[in-house]
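Please look through the sequence and the structure shown here before reading on, and keep both in view.

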Amino acid sequence: MLKEDIRFIILALIPSLLFVLPFTFYPIGYAIYVSTQRYDLKYPEEIRFIGFDNFIQVINSYYFTDSVLATVIFAVISVPLTVLISLGLALLLSQKFRGVGFLQWLVLVPWAIPLVVSSAVWKWIFDANYGIFNAALKGLGVIDSYIPWLSLKWPAMLILVLAFLWVQLPLPTLLFLAGIQSIPQELYEAALIDGAREWSRFKSITFTWLKPFMLIVAVYTTLMALWTFDIVYVITAGGPGNFTAVISYYTFSEMFTFLNFGRASALSFMVVLVSIGLIIAYFRALRIGRLRLRA
Amino acid sequence: MDRKKIGILLASIVVACWVLLPILWMLDLSLQSEPEIHSAPPTIIPHNPVYFNYWFIFDTSSAIEARLQESGRLTFLPAVARWFPNALANSVIIGLVVIAINVFAATLASYAYTRIRFPGSQLLFYMSIAGRLIPPVAIVVPYYIIIQNFFGLKLYDTLIAVILVHAAFTIPLNIWILNTYLSTVPADIEDAARVDGYGRFETLFRVVLPVITPGIVAVGIISFMVSWGEFFFAFMVTQTQLSRTMPVIVGFMAAQPYKPVGILMAGGVVAMLPALVVIAIFRRYLISGLVAGAVK
C-alpha cells in the first residue's frame, strides 16, 4: 500500500470516526450493562446485577404480547407500502415533464413540518366531532352520523399508517431519486435497441440498479416503523384498548414513567435483535451477499 | 405517448393532493380561532381569518396582553411560544452546521471505504454504521452522559451539544448512502486521473465530486431535515430555553394541558418555511446533468 494512501485513509476517516465511535460504543456498552442490572431509578440504592431477569420480566409482562402484535401489524402494513410508494414516486419524479421540479420539492415538504404538528393535523382530520373527514363523508352522504374513527381498532391503525407514510416517504423517495440519477443512460439505450419493453427495462435495469438503495430504504423504514413513537403518542395514545400500543410506547413508559432503565434497555435489545434478523432477511431477499464496499 | 402523458398528469395530481391536503388543512386551522376550530361541522373557509395565532408566536407578550384586555381573563396560552423565534434561529444554525459536517465527514469516509483496499476497512465500515441500529430511547441516556463530559468539554445546554448529537445520528446513515452511491459509479475515470498524477484528495475533489453530486445533495438534505425535525435528543441535551430548538419548543406548546390547536398549527406553518427554502436551494442540484456525461 502506498504511503500516500495510508495518509489519506487516516485523514479521511478521522472526522467521521470522531463523531461516530464515541456515540456508538459507549451507548452499546451502556445498554448492555443497564439491561443486565436491576436499574430502577425509583430505588437507586438497589442497583445490582440480575442477569437476564429484565428480559424475563419484560416477556412475562402484561403488555408484551399485545405490543409485539401491534408493532408487527403496524410494520407489516407500513414498511412494504413505504418502499413501494417511494419507489413509484421516485420513478414519477425522474421523468421529464413540466412542473417536475416543483413536484420534487413538494414531495419533500412533509419532512419540514415538526412531527408533533403533522401528527396533530392527522389527528384533527379524523377527529370524531370536529374532523374534516367525517364532515366530508357526511356531506357526500356516505355516512349518516359521525364515526369516531380513532376509537375503532383497524381504522385507528390505518390512520397511524397514513400518518407514518405521510411523514416517512420523503427520505426513501429522495434516496431512490438520487439512485436513479446514477443509472447510465446507455443501459436504457442499449435495451431500447434490443427491443426491450418498458416493464422489462424497468425490471432488468432500474430495479437491479436500485437494489442496494432498496436495501438502505428497507432497513431505514423498518427501523423507523419499529421505533415509531411520536405519531402513536399524539394520534391514538395507544388506543383503542391497547390495539395500537406499539413496543416503543411501552419502552418510553418503562423509561420515563416508571424510570425502570433496566427493563427499557431489555426491550430495546429485543428490538435490536429483531432488526438484525430482518436486515439479514433483506440481504437474502435482495440477493446481496454482504455489504459491498467496492463496485 | 399521449397515454403516458395523461398517466403522469394524473399521478402528479394525486401526489400533489396527498401532500397538500393536510398542509392546507393545517394552514386553514391556523387561521381560525379556538371556538371556530372546536365547532361541528368544521369551518372550511374561515369567515374572518384571525391572525392571533401568528401574532402570538412572534410577539407572545403583547398578544397575551391584548387578549387580557379584550376578554379580561387569561386562558391557558402556551407562553413558551415566546422562545419560538429564537428556537427557529437555533434550528437553522444547527441544521446548516450539521449539513457541513455530514457532507465533509461522510464524503471523505465513504470514499476511503469504497475506493481503497485496506485491512480492517470492512470492520470499520460496519462499526461506523452500527450505531444506528439501537432505538433512540435506549441511547438517549448514554448520549446525555457523553455530552456532560465530551473529551473533557462541558457541552451540556449548548448548540454545539445538539450539533454533535445530530451529526453522530446522521453520519452513519449518510456514509452508507454515499458508499452505495459511489459503488455504482465505475472507478475508471478516477484510475485515469490517478495515472495522470492526481493525488487522492485531488481525485476526490476534482473528479469524483462532480459525478456524485446527486448523492451528496441527497445526503445534505437528509442531514438538514433529520436535524430539523429531531425532538428527543435536542430535548435531552439542552436545558435553558435559550438553547432549545424549534421541535422542542413546538413540543412544549403541544404539551399544554389545554391544547391550543390553532397556535400549534401556526407554529407548524412557520416552522416549515425555513426548511422549505433549504430544500428548494438544494433540490436544483439533485438532478445532475453531469452524471450521464461523466460516467461514459
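Two residues are said to be in contact, or to touch, if their C-beta atoms, placed from the backbone, lie within 7 Å. With that in mind, B:V165 touches B:Y143, B:I147, B:F233 and B:V237, when residues up to four places away in sequence are not counted. This is a predicted model, in which local features need pLDDT of at least 70 and side-chain atom pairs count only at pLDDT 80 or more, while totals for chains, interfaces and linings use all residues. Residues are numbered from 1 along each chain as its sequence is written, and chains are lettered from A and ligands numbered from 1 in the order in which they are written.

The two chains can be taken one after the other. Helices (DSSP runs of H or I, at least four residues) and strands (runs of E, at least two) are numbered from the N terminus; chain A has 14 helices and two strands, whereas chain B has 15 helices and zero strands. Along the principal axes, the C-alpha trace of chain A spans about 75 × 70 × 30 Å, and the C-alpha atoms of chain B fill a box of roughly 80 × 65 × 30 Å. A residue counts as buried if 20 or more other C-beta atoms lie within 10 Å of its own, as exposed if there are 12 or fewer, and as partly exposed in between, with C-beta atoms placed from the backbone. By this rule, 42% of the 295 residues of chain A are buried, and for the 296 residues of chain B the share is 47%. If one takes the contacts between residues at least 6 apart in sequence, 70% of those in chain A join residues at least 24 apart, and in chain B the figure is 77%.

How many residues of chain B are in contact with chain A? There are 98 of them, and they meet 82 residues of chain A. For sorting such residues, Ala, Val, Leu, Ile, Met, Phe, Trp, Tyr, Cys and Pro count as nonpolar, Asp, Glu, Lys and Arg as charged, and the others, Gly among them, as polar. The side of chain B that touches chain A then divides into 77 nonpolar, 19 polar and two charged residues.

A nonpolar core is a set of buried Ala, Val, Leu, Ile, Met, Phe, Trp, Tyr and Cys residues joined through C-beta atoms within 7 Å. The largest such core here has 167 residues, and those with the most contacts inside it are A:L160, A:L175, B:V165 and B:A218. Helix α8 of chain B (residues 159-183) gives the most to this core, namely 16 residues.

Pairs of helices come next. Their axes are lines fitted to C-alpha atoms over the stretch in contact, and angles run from 0 to 180 degrees between N-to-C directions. In chain A, helix α2 (residues 22-35) and helix α14 (residues 261-285) pack at an angle of about 120°, with their axes 8 Å apart. Angles under 35 degrees count as roughly parallel, over 145 as roughly antiparallel, 65 to 115 as roughly perpendicular and the rest as oblique, and α2(A) and α14(A) are therefore oblique to each other. In this pair A:A31, A:V34 and A:S35 of α2(A) meet A:F261, A:G262, A:S265, A:A266, A:S268 and A:F269 of α14(A). By class, this contact has five nonpolar, four polar and no charged residues.

In chain B, helix α5 (residues 84-115) and helix α13 (residues 246-254) pack at about 145°, with their axes 7 Å apart. The contact is made by B:F84, B:A87, B:L88 and B:S91 of α5(B), together with B:M246, B:V248 and B:I249 of α13(B). Its residues are six nonpolar, one polar and no charged.

Some single residues complete the tour. A:M255 is found in helix α13 of chain A, and A:M255 counts as buried because it has 22 C-beta neighbours inside 10 Å. Leaving aside neighbours within four places in sequence, A:M255 is in contact with A:F261, A:A264 and B:V137. A:L259 lies in the loop between α13 (247-257) and α14 of chain A, and its phi is near 55°, a positive value in a residue other than glycine. In chain B, B:D157, in the loop between α7 (136-148) and α8, also has a positive phi, of about 70°, although it is not a glycine. Is B:D157 buried or partly exposed? B:D157 counts as partly exposed, because it has 16 C-beta neighbours inside 10 Å.
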